[in-house]
Amino acid sequence: MDTLVLLGGGFAAALTPENLLWAFVGVVLGTAVGVLPGLGSAMAVALLLPVTFKLDPTGAFIMFTAVYYGGLFGDSTTSILMNTPGNSSAIATAIEGHKMALRGKASQALATSAIGAFLGAVVSTAVVAFFSGVIIDIALRFGPAEYFALAVFAFVATSAVVAQSMIRGLIALSLGLAIAMVGIDAQSGAARFTLGVPSLFEGIGIVTVTVGLLALGEVLHVASRIHRQRDDAQLVRTGGSLWLKPGDLRRAIPAWVRGLGFGLPFGTIPAGGSEIPTFLAYGTERKLSQLRARRGKRPDEFGKGAIEGVAAPEAAASATAGTAMGALLGLGLPTSATAAIMLAAFQQYGMQPGPLLFERNADLVWALLASLFVGSVMLLILNLPFAPLWAKLLLIPKRYLYAGITGFAVLGVYASSYSVTDLWLLILLGLLGFMMRRYAIPVAPVLIAVILGPLAETELRRGLAIGQGDVGVMFTGPITLGIYAVILLAVGIVVVARIRAARRPAAPAERETNPTA
Amino acid sequence: MNPLREPAPPASPGSATSHPARSWLRGRSEVFVGLLVVGVGVFLAAQTTAMHVPDTSTGPGPQLFPGLVSGLMVVLGALLVVQVSRAPAVPPANGDTGTESAGIVGDLVEGQETRRTATHSDWRTVGLVLGSVIAFTLLLQPLGWLLSGALLFFGVSTAFGGRRSLFEAAVALVYSAVVQLAFVAGLGLNLPSGILGGVL
């Protein structure tokens, strides 16, 4: 009952005209960056962060989360209509979704994906709202050892488990940790890696890092391949009814539910976003379809445009967004690049996500959760009938799109500190981001490391200080040991899978989309 | 940032035999990334040992974490160099757009291993974009946002293939003016007005 009262208060705050406006701006922006390949919600929030610092924090966070959710709705539109995933989270949707569109079922594919995304968003937000008490109870038992283990978990999960190459993932992680160490050490006052430059004493700003790696790095990367990219993607025409037939619904509903089952837990695991659960959901549906065909129930439609292949990944992708917000708000643990930047945004407003946030900033938290429901409804309306319109965004000439992004990148970085030194740092980080893209080094681990690096270091030093130098204190307690056990298990599974894959004949495949959604 | 300046090896097959050093580097330009990581690691280690630590008695100091990270970087960079030398990137297959992959999970689902493919870069376009951003950084304070922002937009859109210079310049000016109105007048950002300071 308590939760309902709090949520009711949240709705009262979320439904004010001002907050409705911010939610609307957020969902429109989020859908737009979701539709456009190469742009993601992480970059959009990073660009918005410096220009919104004069807003009231509730409005700003409503807009940021609306961008996050919107990105997961918009990314499937171009997957289905053009076989061009807007983000890595929509690659799985593209496999069957585009085939459906080619078979003349584009409208049904779009509806299946929009409803799936809506269900994922609403159910996961509800789970967070009603289980926030449980999350807080667990979080309150966390000490230095637990927080350090959690940070290590996030580091290993994003860099070694998710990344295609373990070495490249770990290199990205160590680069991020190195960037995070620049500046005056808060505990001892020692200047670290500042080279005597006064503007580096406060460290390298998260906005500069994110915008450099994601925005400028992406622009340079696209520039380097501008004459090689073939623009032969064709927009499939949509027509006919948006309504799903009862037969379609009977197949889509169980797939949506199974997709939710993959998405909900994965949102709380720092695995760099929604890529993994979408592929797990897709793989499961394909296996189930083969099973059904073997039993003679229904021919296996995978490869020809199976509706389950669209429903499950989309529900999984957006279900991660809600539980990721839960992990961020309740534990202070960012589980995706966008959540990492939102954590930085909380710090910019002088708030620390974690169990105490629900006490100190209860108004903001519940208004935010309520506005996520409101935003999901807006997104369903925006994406269901208007999906073909959004795909027209791809008609914007590339040169204006990237010139505009470059302009916003320098504007955002300059506005966050009013220092030209930061613009030089932006250029260096842009080159770093370009180099990382060129050599397929993932960017998400850098962002997670920059955000969680200082936390990991503080907790490690605090823990060691309590134990008076005894390293053993970092490995005590059931939660800590449990987290390390999961890490070892995950790394073990990946190593076994890699060895197995190496024994199979290799097929060349290219990695195109940006893994930082 | 040396590896970034490394030009892409020529694409003609004949050059492979005439330049043995180049041909070894083909598909292996990433060794410079590995060396760069090792270099950064060594630099961090040197800076860490030379760090001036204010007197604090309790607990591990500010050098512990940098020490760990620098060691990690040296090891990882060396591993990358070894890995790239042993297995260079394969040239992109002709006409094959490739299946999209999602890392290890994609491997698990699709049952196929992904192989890195070599990419070549268009350094002229990259240089133009980079030059525009550097010019913006130098000109922002003296010229102000309106002009330097328009110049940046113009530079990038020209680099990306804009041909009608006058039209592109007009679009660029509209862009910087709209940003000025929205963010300076609307959201209260404090962008430099530069030489137009008296006029605006």
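Helices here are DSSP runs of H or I at least four residues long, strands are runs of E at least two residues long, and both are numbered from the N terminus. The model shown in every view is predicted.

**Overview of chain A**

Chain A is built from 19 helices and two strands. Its radius of gyration is 22 Å, close to the 24 Å that the globule rule gives for 517 residues, so chain A is as compact as a globular protein of that length. The C-alpha trace spans about 65 × 60 × 50 Å along its principal axes. Of the 517 residues in chain A, 62% are buried.

**Close-up of H12(A) against H18(A)**

Helix H12 (residues 337–348) and helix H18 (residues 444–466) of chain A pack with their axes 9 Å apart. The angle between them is about 25 degrees. Angles under 35 degrees count as roughly parallel, and H12(A) and H18(A) are therefore roughly parallel to each other. The crossing of H12(A) past H18(A) is left-handed. On the H12(A) side, the contact uses A:Ala337, A:Ala340, A:Leu343 and A:Ala344. H18(A) supplies A:Ala444, A:Leu447, A:Ile448 and A:Ile451. What kinds of residue make up this contact? Eight are nonpolar, with no polar and no charged residues.

**Close-up of H5(A) against H14(A)**

Helix H5 (residues 91–140) and helix H14 (residues 362–383) of chain A cross at roughly 175 degrees. Their axes come within 10 Å. Angles over 145 degrees count as roughly antiparallel, and H5(A) and H14(A) are therefore roughly antiparallel to each other. From H5(A), the contact takes A:Ala114, A:Phe118, A:Ala121, A:Val122, A:Thr125, A:Val128 and A:Ala129. From H14(A), A:Leu369, A:Leu372, A:Phe373, A:Ser376, A:Leu379, A:Leu380 and A:Asn383 meet them. The residues of this contact divide into 11 nonpolar, three polar and no charged.

A:Val209 sits in helix H8 (residues 206–224) of chain A. Is A:Val209 buried or exposed? A residue counts as buried when 20 or more other C-beta atoms lie within 10 Å of its own. A:Val209 has 28 such atoms, so it is buried. Leaving aside residues up to four places away in sequence, A:Val209 touches A:Ile179, A:Ile204, A:Leu429 and A:Val450. A:Leu488 is 279 residues from A:Val209 in sequence, and the two C-alpha atoms are 30 Å apart in space.

Most residues other than glycine have a negative phi. A:Phe193 is not a glycine, yet its phi is positive, about 55 degrees. A:Phe193 is in the loop between strand S2 (191–192) and H8 of chain A. With 19 other C-beta atoms within 10 Å, A:Phe193 is partly exposed. A:Ala440 also has a positive phi, near 55 degrees. The loop that holds A:Ala440 runs between helix H17 (420–438) and H18 of chain A. A:Ala440 is partly exposed, with 19 other C-beta atoms within 10 Å.

**Overview of chain B, with B:Val75**

Chain B contains nine helices and zero strands. From the N terminus on, its elements run α-α-α-α-α-α-α-α-α. Buried residues account for 36% of the 200 residues in chain B. Among contacts between residues at least 6 apart in sequence, 66% join residues at least 24 apart. B:Val75 belongs to helix H5 (residues 64–86) of chain B. It has 16 other C-beta atoms within 10 Å and is partly exposed. B:Ala169 is 94 residues from B:Val75 along the chain, and their C-alpha atoms are separated by 49 Å.

**Close-up of H16(A) against H8(B)**

Here a helix of chain A packs on a helix of chain B. Helix H16 (residues 398–417) of chain A and helix H8 (residues 145–159) of chain B have their axes 8 Å apart, at an angle of about 145 degrees. H16(A) passes H8(B) in a right-handed crossing. Which residues meet? H16(A) brings A:Arg399, A:Tyr400, A:Tyr402, A:Ala403, A:Thr406, A:Gly407 and A:Val410. H8(B) brings B:Gly149, B:Leu152, B:Phe153, B:Val156 and B:Ser157. Seven residues of this contact are nonpolar, four are polar and one is charged.

Note on methods. Residues are numbered from 1 along each chain as its sequence is written. Chains are lettered from A and ligands numbered from 1 in the order in which they are written. This is a predicted model: local features need pLDDT of at least 70, side-chain atom pairs count only at pLDDT 80 or more; totals for chains, interfaces and linings use all residues. The radius of gyration is taken over C-alpha atoms; the globule rule is 2.2 Å times the number of residues to the power 0.38. A residue is buried if 20 or more other C-beta atoms lie within 10 Å of its own, exposed if 12 or fewer, and partly exposed in between; C-beta atoms are placed from the backbone. Axes are lines fitted to C-alpha atoms, for helices over the stretch in contact, and angles run from 0 to 180 degrees between N-to-C directions. Angles under 35 degrees count as roughly parallel, over 145 as roughly antiparallel, 65 to 115 as roughly perpendicular and the rest as oblique. A crossing is left-handed if the near helix is turned anticlockwise from the far one by less than a right angle, and right-handed if clockwise. Two residues are in contact if their C-beta atoms, placed from the backbone, lie within 7 Å. Ala, Val, Leu, Ile, Met, Phe, Trp, Tyr, Cys and Pro count as nonpolar, Asp, Glu, Lys and Arg as charged, and the others, Gly among them, as polar.
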